[in-house]
Amino acid sequence: MSTLDEVAASQPPGRSVAAAEESRIVLTDKLSILVRVDLDDARAQVSTKGHVTVHSIHALYVVVKRANALRKGLNLELDMRAAYVDPDALQQLRDCSKTRHLPAIIDPLQEDCTFSILPPLQPAAATALHKTALQKLAA
């Protein structure tokens, strides 16, 4: 689980932290989810890349539910820093984090699900990059 300082330190000389942040954003509509689990320390991180929408978020919920079921008291973290997240989708995630429950359609039993969110670092930059990428693909 890297920090922004670690990312910046790994960049070639002269490359800015902003460039490092931009390089982590995947400019695709395809959703990519990676789960890292440390059961000894009761920690899990769900890292997301790509475009998270109110429709694709259901796939993320399913992964979060599965990760949460691995162990009681798991410290679960959603890393959205490398994703383009629609504002409505991010609000849904924040609401779930506050209530500690996933949507009933995903988890009918409404098991307790506690997670923190690492939101996109620069939503405006991600939006601009995403629009530029879509324009290039359309051309």
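**Terms and their grounds**

Q: What makes D86 and A89 contacts of T53, leaving aside its neighbours within four places in sequence?
A: Leaving aside its neighbours within four places in sequence, T53 is in contact with D86 and A89, where contact means heavy atoms within 4.5 Å. The model is a predicted one, in which local features need pLDDT of at least 70 and side-chain atom pairs count only at pLDDT 80 or more, while totals for chains, interfaces and linings use all residues. Residues are numbered from 1 along each chain as its sequence is written, and side-chain values use heavy atoms, with hydrogens and water left out.

Q: Why is T53 called buried?
A: Buried means under 20% relative accessible area, exposed over 50%, and partly exposed in between, with a 1.4 Å probe and protein chains only. T53 has a relative accessibility of 17%, so T53 counts as buried. This residue, T53, is found in the loop between β2 and α3, helices (H or I, at least four residues) and strands (E, at least two) being DSSP runs numbered from the N terminus.

Q: Why is P87 called exposed?
A: P87 has a relative accessible area of 63%, and therefore P87 is exposed. P87 is found in helix α4, and its C-alpha atom is separated by 8.5 Å from that of T53, 34 residues apart along the chain.

Q: What makes the pair of H55 and T53 a polar contact?
A: A polar contact is a pair of N or O atoms within 3.5 Å; within protein, one must be able to donate a hydrogen and the other to accept it, and residues adjacent in sequence count only if both atoms are side-chain atoms. The backbone nitrogen of H55 lies 3.1 Å from a polar atom of the side chain of T53.

Q: Which side chains make polar contacts with the side chain of S47?
A: The side chain of S47 makes a polar contact with that of R36 at 3.1 Å, and another with the side chain of Q45 at 3.4 Å. S47 is found in strand β2 and has a relative accessible area of 14%, so S47 is buried.

Q: What makes β2 and β3 paired strands, and in which sense do they run?
A: Two strands pair if DSSP finds at least two bridges between them. Nine bridges join strand β2 (residues 43-52) to β3, and the two run parallel. One of the positions involved is A44, whose bridge partner in β3 is L76. The chain crosses from β2 to β3 through helix α3 (residues 57-68), and this β-α-β crossover is right-handed, a term used if, with the strands pointing away from the viewer, the path from the first strand over the helix to the second runs clockwise.

Q: Why is strand β3 described as largely enclosed by the rest of the structure?
A: Ten of the eleven residues of strand β3 (residues 75-85) are buried, so β3 is largely enclosed by the rest of the structure. Strand β3 also pairs with β4 (residues 115-118) in the parallel sense, over four bridges.

Q: What makes the pairing of the sheet mixed, and which are its edge strands?
A: The open sheet of four strands has the order β1-β2-β3-β4, with mixed pairing. Its edge strands are β1 (32-38) and β4, each of which pairs on one side only. As for the senses of pairing, β1 and β2 pair in the antiparallel sense over seven bridges, whereas β3 and β4 pair in the parallel sense.
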